[in-house]
Amino acid sequence: MRDDDRPLTPEGKEKFRVAAKGLARIAHRPDVLLTSPLPRARATAEIAARAFKRITPTVDAALALGSVAGIVAALKTHPLGATVAIVGHEPLLSALLAHLLGAVHGERLAFKKGGAALVDLPDGPSSAGRLIWFLKPRVLRALAGD
């Protein structure tokens, strides 16, 4: 089976279910939840959607095999004040985070599976933003209180 076609494992689902509960405790429900169309990301986005309640993931092909520029273009289609959550893949997500922060080296901002970051982009995704937090999944699971 190709890596892109692999489903999220039962253990991965359970770990992220707890992490998503922790995430929902510290972050407001996003206005938009974008996800890659690949199976693991879609399953992860569905779990996040249940944790945040009353949100439906929107598939965006740019999050699968796209580029940082493609994701930034997708972000620009949403209102400036919108909170947009993204479920995607490494190393593209760390490269996106680096870009959004005006950093050069995305590998220093690598996400662990199920990790999350919150970035404030007051001038939109084309300008450097401010990192509010960057959390590993074990921290999110601890925040869940399970």
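**Backbone features, helix packing and nonpolar cores**

Lys53 lies in the loop that runs between helix H2 (39-52) and strand E2 (58-59), where helices (H or I, at least four residues) and strands (E, at least two) are DSSP runs numbered from the N terminus. The structure is a predicted model, in which local features need pLDDT of at least 70 and side-chain atom pairs count only at pLDDT 80 or more, while totals for chains, interfaces and linings use all residues. Residues are numbered from 1 along each chain as its sequence is written, and side-chain values use heavy atoms, with hydrogens and water left out.

The phi of Lys53 is near 65°, a positive value in a residue other than glycine, and Arg54, found in the loop between H2 and E2, has a phi near 55°. Most residues other than glycine have a negative phi, and most peptide bonds are trans. With a relative accessibility of 48%, Lys53 counts as partly exposed, whereas Arg54 is exposed at a relative accessible area of 71%; buried means under 20% relative accessible area, exposed over 50% and partly exposed in between (1.4 Å probe, protein chains only). A cis peptide bond, with omega about 5°, joins Glu90 and Pro91, and Pro91 is found in the loop between strand E3 (84-87) and helix H5 (92-101).

Helix H1 (residues 10-26) packs with helix H6 (residues 137-144) at an angle of about 70°, their axes being 7 Å apart; axes are lines fitted to C-alpha atoms, for helices over the stretch in contact, and angles run from 0 to 180 degrees between N-to-C directions. H1 is therefore roughly perpendicular to H6, a term that covers angles of 65 to 115 degrees. Contact (heavy atoms within 4.5 Å) is made by residues including Val18, Leu23 and Ile26 of H1 and Leu140 and Leu143 of H6.

In the largest nonpolar core, which has 19 residues, Phe16, Leu23, Leu33, Trp133 and Leu140 touch the most other members; such a core is a set of buried Ala, Val, Leu, Ile, Met, Phe, Trp, Tyr and Cys residues joined through side-chain atoms within 4.5 Å. H1, H2 and strand E5 (130-135) are the elements that give two or more residues to this core, and H2 gives the most, with six residues. A second, separate core of twelve residues includes Val32, Leu63, Ile71 and Leu96.

The buried residues of helix H4 (residues 68-75) are Val68, Ile71, Val72, Ala74 and Leu75.

How values were computed:
Parallel < 35°, antiparallel > 145°, perpendicular 65-115°, else oblique.
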